[in-house]
Amino acid sequence: MLVNMLQSTNQLLDNLIEITSKDIDDIKKANHQALFERNYQKEELVKRFVELKNGIDSTLAERNRKGMPLINPNEEPLLDEFKEKLQKFYTLHKKFAKMAFTITHFYNNLMNKLTGAKPDIGYQMKPSQNPYSNFSLKG
């Protein structure tokens, strides 16, 4: 069971890495439409990742509670692969987030200088809308 969850998680991370790489390329090309079109797909992948990660955590906790070995030899390479892919995704997503923040900041400042008004870029997310975060984003 853990093997299946790790394999699914690794495949999901491959998808997230691929999408994030495309997002970085599209930010460089100012291809905003492509970025927006992938948002829903990324949100669904992240939800599925959280579900799988919770399943992995539960399985490991159950094994620990029963005094069983946490990882068997078949699972160890998959767990190592998971760690590597998670680190790669983290690094790519961090790069993407910095680029997106920089561009947003630039446009906000430009709009403020041109119009004197603070632009509303549509980031009005309340914590109740995002079950994975307690933060609110306001543009």
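## A leucine and its neighbours

Skip the residues up to four places away in sequence, and Leu-16 touches Lys-42, Leu-45, Val-46 and Phe-89; touching, or contact, means heavy atoms within 4.5 Å. This is a predicted model, where local features need pLDDT of at least 70, side-chain atom pairs count only at pLDDT 80 or more, and totals for chains, interfaces and linings use all residues. Residues are numbered from 1 along each chain as its sequence is written, and side-chain values use heavy atoms, with hydrogens and water left out.

## The overall layout

The protein has three helices and two strands, running α-α-α-β-β from the N terminus. Helices (H or I, at least four residues) and strands (E, at least two) are DSSP runs, numbered from the N terminus.

## The core

Leu-16 turns up again in the largest nonpolar core: among its 22 residues, Leu-6, Leu-12, Leu-13, Leu-16 and Phe-82 touch the most other members. Such a core is a set of buried Ala, Val, Leu, Ile, Met, Phe, Trp, Tyr and Cys residues joined through side-chain atoms within 4.5 Å. Helices α1 (2–29), α2 and α3 (76–115) each supply at least two residues of this core, and α1 gives the most, with 10 residues.

## A buried lysine

Back to Lys-42, which sits in helix α2 (residues 32–65). Is Lys-42 buried or exposed? Lys-42 is buried, with a relative accessible area of 13%; buried means under 20% relative accessible area, exposed over 50%, and partly exposed in between (1.4 Å probe, protein chains only). Leaving aside neighbours within four places in sequence, Lys-42 is in contact with Leu-16, Ile-19, Asp-23 and Phe-96.
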